[in-house]
Amino acid sequence: MAVSHRGAISFGLVHIPVGLYTTTQDNDIHFNQLCREDGSRVKYKKVCASCGKEISSKDIVKGFEYDKDKFVIMTDEDFEKAKSEKDKTIHILHFTDLNSIRPIYYDKTYHAVPEAGGDKAFELLRKAMKDENKVAVAKTVMGTKEKLLTLIPTDDGILIETMFFADEVKQAPKEPAHPELNEAELTMAKTLINTMVKDFEPSLYKDEYQFKLREIIEQKIAGKDIVASTPDVQVNVIDIMEALKQSLAQAGVKND
């Protein structure tokens, strides 16, 4: 697995060299765009606006428009010059409780893996955070952007979550109403929730839509008729109390 970012976690005066590795992969089925008329691939070309010549990726550079149609060219070396050693360091700002960070701020997850010479300090940080039930809030520069991070200790390592800054997070368009609740309804809702409690086991959950999509693709390749999925029967229960009673009955819970 290729490393996505290299740096060092700065923990007081302790520096822990680490590599960051992505934690997820894309298993979605991907499609090409085709011309409806003859089924040929649709291609997209990058063309110079001045001469009309097609441009390859190696001939493209980044430019900042400082005035109308006037650009200053920025190279990879320029971006690196903007980074100090402090910027490249994953600098821990403070520690906090995990539940103090709203999930909306999380963006992408990485495995932090200690590099040569960093194993003991890495384990010290992991175990100390785990024992104290704390996570670390940190900052670093990845690519051409400064990133806010959360370091989360696990039973066998440290996960690093990149985070959005406050000004990048949109507020909800409107706050939901909070009507007064009937105590009996609330009690039944809590009972229903408790009948559905179980440990989270990731291996139990599959992307069923992708599986069905692959079946349809294989049927079309074989020239077979496509059989649509059988729709689930939805019972439209308008009364909340009645819906709760029926739900509890399906869960095998008796209610008076």
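**Figure 1. Gln210 in helix α5 of the predicted model.** Gln210 is located in helix α5; helices (H or I, at least four residues) and strands (E, at least two) are DSSP runs, numbered from the N terminus. This is a predicted model, in which local features need pLDDT of at least 70 and side-chain atom pairs count only at pLDDT 80 or more, while totals for chains, interfaces and linings use all residues. Residues are numbered from 1 along each chain as its sequence is written, and side-chain values use heavy atoms, with hydrogens and water left out. Gln210 counts as buried because its relative accessibility is 14%; buried means under 20% relative accessible area, exposed over 50%, and partly exposed in between (1.4 Å probe, protein chains only). Not counting residues up to four places away in sequence, Gln210 touches Asn27, Asp28 and Ile29, contact meaning heavy atoms within 4.5 Å. Tyr209 is also placed in helix α5, but Tyr209 counts as exposed at 56% relative accessibility. The C-alpha atoms of Tyr209 and Asp28 are separated by 9.7 Å, although these residues are 181 residues apart along the chain.

**Figure 2. A negative surface patch that includes Asp28.** Asp26, Asp28, Asp207 and Glu208 form this negative patch. Patches are made of residues with over 30% relative accessible area and no salt bridge, with like charges joined within 9 Å and nonpolar side chains (Val, Leu, Ile, Met, Phe, Trp, Tyr) within 5 Å. Lys and Arg count as positive and Asp and Glu as negative, whereas His and the chain ends are not counted. The place of a charge is taken as NZ of Lys, CZ of Arg, CG of Asp or CD of Glu. Asp26 is found in the loop between β2 (14-22) and β3 (62-67).

**Figure 3. A nonpolar surface patch formed by Val61, Phe71 and Ile73.** Together, Val61, Phe71 and Ile73 have about 300 Å² of accessible area; accessible areas come from the Shrake-Rupley method with a 1.4 Å probe, and for residues only the protein chains shown count as cover. Val61 lies in the loop between β2 and β3 and is exposed, with a relative accessible area of 56%.

**Figure 4. The salt bridge between Glu115 and Arg6.** The structure holds eight salt bridges, a salt bridge being a side-chain nitrogen of Lys or Arg within 4 Å of a carboxyl oxygen of Asp or Glu. In one of them, Glu115 pairs with Arg6, and the closest N and O atoms are 2.8 Å apart. Because Glu115 lies in the loop between β6 (106-114) and α3 (119-132) and Arg6 in strand β1, the pair ties together parts that are 109 residues apart in sequence. Glu115 counts as partly exposed at 22% relative accessibility, whereas Arg6 is exposed, with a relative accessible area of 52%.

Figure 5. The side chains of Asp131 and Lys127 meet at 3.0 Å, N to O. Both residues lie in helix α3, four residues apart, about one turn of the helix. Lys127 is partly exposed, with a relative accessible area of 42%. In the bridge between Asp59 and Lys58, the closest N and O atoms are 3.6 Å apart. Asp59 counts as partly exposed at 47% relative accessibility, and Lys58 is exposed, with a relative accessible area of 72%.

**Figure 6. His5 in strand β1.** His5 belongs to strand β1 (residues 5-11) and counts as buried, because its relative accessibility is 12%. Leaving aside neighbours within four places in sequence, His5 is in contact with Val18, Gly19, Leu20, Lys88, Thr140, Val141 and Met142.

Figure 7. Asp69, a residue other than glycine, has a positive phi near 60°. Asp69 lies in the loop between β3 and β4 (70-74) and is exposed, with a relative accessible area of 56%. Asn133, which is not a glycine, has a positive phi of about 55°. Asn133 is placed in the loop between α3 and β7 (135-142) and is exposed, with a relative accessible area of 61%.
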